[in-house]
Amino acid sequence: MPWDPIQLNDGTKIPSVAFGTWTLGNGQPARDHVDQALETGFDHIDTAQAYRNEEETGTALQDSGLAREDLYITTKYSGRDGLDVNTSIHNSVKWLGVKYVDLYLVHHPRLAVPDIPTNWQQMEKVKADGLAKSIGVSNFEIADLEILLASAKVKPVANQILFHPYVWQRQAPLLEYCKKNGIVVEAYSALTPLTRQPGGPVDKAATQIANRLSVKPEQVLLAWAKSKGVVVVTSSTKKERLEGYLSAGDIELSDDDIAAIEAAGALGARRNLVRTFLTRAIGLALVGSLALGACSYLGIDVL
Ligand SMILES: NC(=O)c1ccc[n+]([C@@H]2O[C@H](COP(=O)([O-])OP(=O)(O)OC[C@H]3O[C@@H](n4cnc5c(N)ncnc54)[C@H](O)[C@@H]3O)[C@@H](O)[C@H]2O)c1
Ligand SMILES: OCCc1c[nH]c2ccccc12
């Protein structure tokens, strides 16, 4: 099996590739795209209260005719509209048209969360009430997980995080920490080097490897993420891309390919750092000279 399910720390299993609904908008197009993903063979749908398309996702899930046990549904508590965890999960299962979700995640530790231990207690109640088979988190750093684990009765099964070669060096310690604590990492925005930062070193490295293997660069990046033992959450409105994502599970990258992608990631990360530093330095210099000009105009002696 190409994208093999991954064992979670509560005894359940999670399909290792998911279709995400973040950018689908709402209404009929959102329904059609979830429909298309299910038809193409995705059985793991990743949505969130914040994406405002749980109802459309639910309609597509019902229309698919797939049995509930053959689907894996993740949604997230995003603190939308100031609603608490209990009200939110009741809304989510109603909109998704299910009795329970497979995985319920805290979307972000600093968005609409009173404090991490209180929020996690509310998540534990969702599991105890049978509204979620598993509970987990998203966008948690090591320090956030330490706070959570210090008082948790139920360990989070997963941490869904930003994960692509430009942030690999930064995220590797978090991946290690999660592994050590039995928490599976879920990777989102794995295709950033092609979507938000195209033309950079990782785009070039992935394209070179893709040409050699006669596959697409996006498949190479998904195969790279898969090589780290994470669940990959991706998306597309194009059927052909979705088919490519699923068959990327069969791509075995060599150690040299993986090293080339990571070297390109590290180079891009350094360049991003220099760019950020220069932009800030130029900004500061500009503000400084404007302030000096204003002072001299007003006759204020600052030097
Ligand atoms: N937990 C969180 O905070 C969080 C944050 C972001 C995303 N997510 C989840 O992850 C899902 C996927 O997120 P994403 O959209 O950032 O993921 P992604 O990096 O997988 O990008 C998907 C996009 O890449 C495009 N793409 C694919 N191949 C390309 C190519 N060769 N050139 C240019 N573009 C290409 C697709 O058309 C699609 O629009 C979301 O829908 C959501 O479910 C979660
Ligand atoms: O998950 C995709 C990014 C996003 C959209 N709305 C949010 C609310 C909280 C945290 C992340 C998001």
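At what angle do helix α8 and helix α11 pack, and how far apart are their axes? The legends below, which describe a predicted model, begin with this pair.

**View 1. Packing of helix α8 against helix α11.** Helix α8 spans residues 201-213 and helix α11 spans residues 255-298; the two pack at an angle of about 160 degrees, with their axes 8 Å apart. Because angles over 145 degrees count as roughly antiparallel, α8 is described as roughly antiparallel to α11. The crossing of α8 past α11 is right-handed.

**View 2. Residues in the contact of α8 with α11.** From α8, the residues P201, V202, K204, A205, A206 and I209 take part; they meet D257, A260, I261, A264, G265, L267 and G268 of α11. Sorted by class, this contact has nine nonpolar, two polar and two charged residues.

**View 3. The shell around ligand 1.** Ligand 1 is surrounded by 22 residues, of which G20, W22, L191, E218 and T234 are the closest. At least two residues of this shell come from each of α7 (192-195), α9 (217-226) and β10 (231-234). The largest share, three residues, is supplied by α7. Twelve residues of the shell are polar, seven are nonpolar and three are charged.

**View 4. The shell around ligand 2.** Around ligand 2 lie W22, A48, A50, S78, H107, H108 and L111. Four residues of this shell are nonpolar and three are polar, with no charged residue.

View 5. Over residues 17-264, the chain is 47% helix and 16% strand, and the end C-alpha atoms are 24 Å apart.

Methods: Residues numbered from 1 in each chain as written. Chains lettered and ligands numbered in written order. Predicted model: local features only at pLDDT ≥ 70, side-chain atom pairs only at ≥ 80, totals over all residues. Helix = DSSP H or I, 4+ residues; strand = E, 2+ residues; numbered from the N terminus. Near = placed C-beta within 6 Å. Nonpolar A, V, L, I, M, F, W, Y, C, P; charged D, E, K, R; others polar. Axes fitted to C-alpha atoms, helices over the stretch in contact; angles between N-to-C directions. Parallel < 35°, antiparallel > 145°, perpendicular 65-115°, else oblique. Left-handed = near helix turned anticlockwise from the far one by under 90°. Contact = placed C-beta atoms within 7 Å.
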